[in-house]
Amino acid sequence: MRFDVVTLFPEMFRAMESGVTGRALRKGVAELHLWNPRDYTEDLHRTVDDRPYGGGPGMVMKVEPLKRALERARAAAPASRVVHLTPQGRRFHQGVAREMAQREGVILLAGRYEGIDERLVECCVDEEWSIGDYVLSGGELAAMVILDAVIRLLPGALGHEESAAQDSYMNGLLDFPQYTRPEELEGRRVPEVLRSGDHEAIRRWRLQQALGRTWLRRPELLARRRLSEEERELLEEYIQTHQGVAGSTPREE
Ligand code: ADE
């Protein structure tokens, strides 16, 4: 899959060279192309910002260099939609990552300062996404979040030991807890069932933990998801055994 990113800080994307994304890029599972609006300025000072009409604090990204950089990216990746990262966008989630992973490519537009000229959004942006209800200093980290979430879903990105199908959210639930050696850590033992070798018991315990955690921490995820008969029973049992235990009532939002 081809990714093009329009950014004033291309060096930030060195972070993608680590871990799963780095391996995917080296294997050619994903390609990353960076376009810096500063390279498309025409004045001596290579100006990339300008004052907002109507006044107020902060600056807006200057239109022409940004538009030229975006046009170059679109010419290089004509099949890709332009995705603008902004706190004003719709909220990104795993379902969007799954859908994006089916595409040939995306052009990610990372804004800086107070944002980009709205007319540029109207003419040249296909989608706007936010990664959460907080304000970052620019769209770069949001673009990298999307890059990571999408790249790890591409065929060949994860080794066969790892599998995106097992990820939390792939089944609409939070993950069950994980343990590794030692068997006892400062008086806390690994749950006995995980050492039993009973695969069916382990599957049911993990499913129950995933359901219980989701019920405690993210009840709205459960409200959106249909539960099977087995899942309903396991969750019911979890709720019964956790009633009255500190920190074990669903959080208020
Ligand atoms: N740019 C600044 N904050 C952002 C956010 N929360 N999501 C996407 N892009 C952003």
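1. Val 96 is buried, with a relative accessible area of 8%. Here buried means under 20% relative accessible area, exposed means over 50%, and partly exposed covers the range in between, with a 1.4 Å probe and protein chains only. The model is a predicted one, in which local features need pLDDT of at least 70, side-chain atom pairs count only at pLDDT 80 or more, and totals for chains, interfaces and linings use all residues. Residues are numbered from 1 along each chain as its sequence is written, and side-chain values use heavy atoms, with hydrogens and water left out.

2. Helix H3 spans residues 94-100 and contains Val 96; helices (H or I, at least four residues) and strands (E, at least two) are DSSP runs, numbered from the N terminus. Val 96 and Val 150 are separated by 54 residues in sequence, yet their C-alpha atoms are 8.8 Å apart in space. Gln 94 also belongs to H3 and is buried, at a relative accessible area of 19%. Its C-alpha atom is 9.0 Å from that of Gly 172, which is 78 residues away along the chain. Apart from neighbours within four places in sequence, Gln 94 is in contact (heavy atoms within 4.5 Å) with Leu 153, Tyr 169 and Met 170.

3. The ligand is surrounded by 13 residues, the closest being Thr 86, Ile 131, Gly 132, Tyr 134 and Leu 136. Strand S5 (81-91) and strand S7 (127-130) each provide at least two shell residues, and the largest share, three residues, comes from S5. By class, the shell holds eight nonpolar, five polar and no charged residues. In this classification Ala, Val, Leu, Ile, Met, Phe, Trp, Tyr, Cys and Pro are nonpolar, Asp, Glu, Lys and Arg are charged, and the others, Gly among them, are polar.

4. How far are nitrogen atoms of the ligand from polar backbone atoms of Thr 86, Ile 131 and Tyr 134? The distance is 3.1 Å for Thr 86, 3.0 Å for Ile 131 and 2.8 Å for Tyr 134. Taken alone, the ligand exposes 260 Å², of which the protein buries 96%. Such areas come from the Shrake-Rupley method with a 1.4 Å probe; for residues, only the protein chains shown count as cover.

5. Helix H6 (residues 199-217) has 19 residues, which at 1.5 Å a residue should span 27 Å; its end C-alpha atoms are 27 Å apart, so the two values agree. The expected span is 1.5 Å times one less than the number of residues. Buried positions in H6 include Ile 202, Trp 205, Leu 207, Leu 211 and Trp 215. The buried residues of H6 pack against helix H7 (219-223) and helix H8.

6. Glu 231 is a residue of helix H8 (residues 229-242). Is Glu 231 buried or exposed? Glu 231 is buried, because its relative accessible area is 10%. Its side chain reaches the backbone nitrogen of Ser 228 at 2.9 Å. With neighbours within four places in sequence set aside, Glu 231 is in contact with Leu 207, Leu 211, Arg 225 and Arg 226. Of these, Leu 207 and Leu 211 are among the buried residues of H6.

7. Asp 167 lies in the loop between helix H5 and strand S8 and is buried, with a relative accessible area of 18%. Its side chain makes a polar contact with the side chain of Arg 152 at 2.2 Å. A polar contact is a pair of N or O atoms within 3.5 Å; within protein, one must be able to donate a hydrogen and the other to accept it, and residues adjacent in sequence count only if both atoms are side-chain atoms. Leaving aside neighbours within four places in sequence, Asp 167 is in contact with Arg 152 and Asp 175.

8. Pro 182 is also placed in the loop between H5 (140-151) and S8 (184-185). The peptide bond from Arg 181 to Pro 182 is cis, with omega near 5 degrees.

9. Two residues other than glycine with positive phi deserve a check. Arg 46 has phi near 55 degrees and sits in the loop between strand S2 (31-35) and strand S3 (49-50). Arg 46 counts as partly exposed because its relative accessibility is 36%. Tyr 113 has phi near 60 degrees and lies in the loop between strand S6 (105-110) and helix H4 (118-124). Tyr 113 is likewise partly exposed, at 36% relative accessibility.

Technical notes:
Near = heavy atom within 4 Å.
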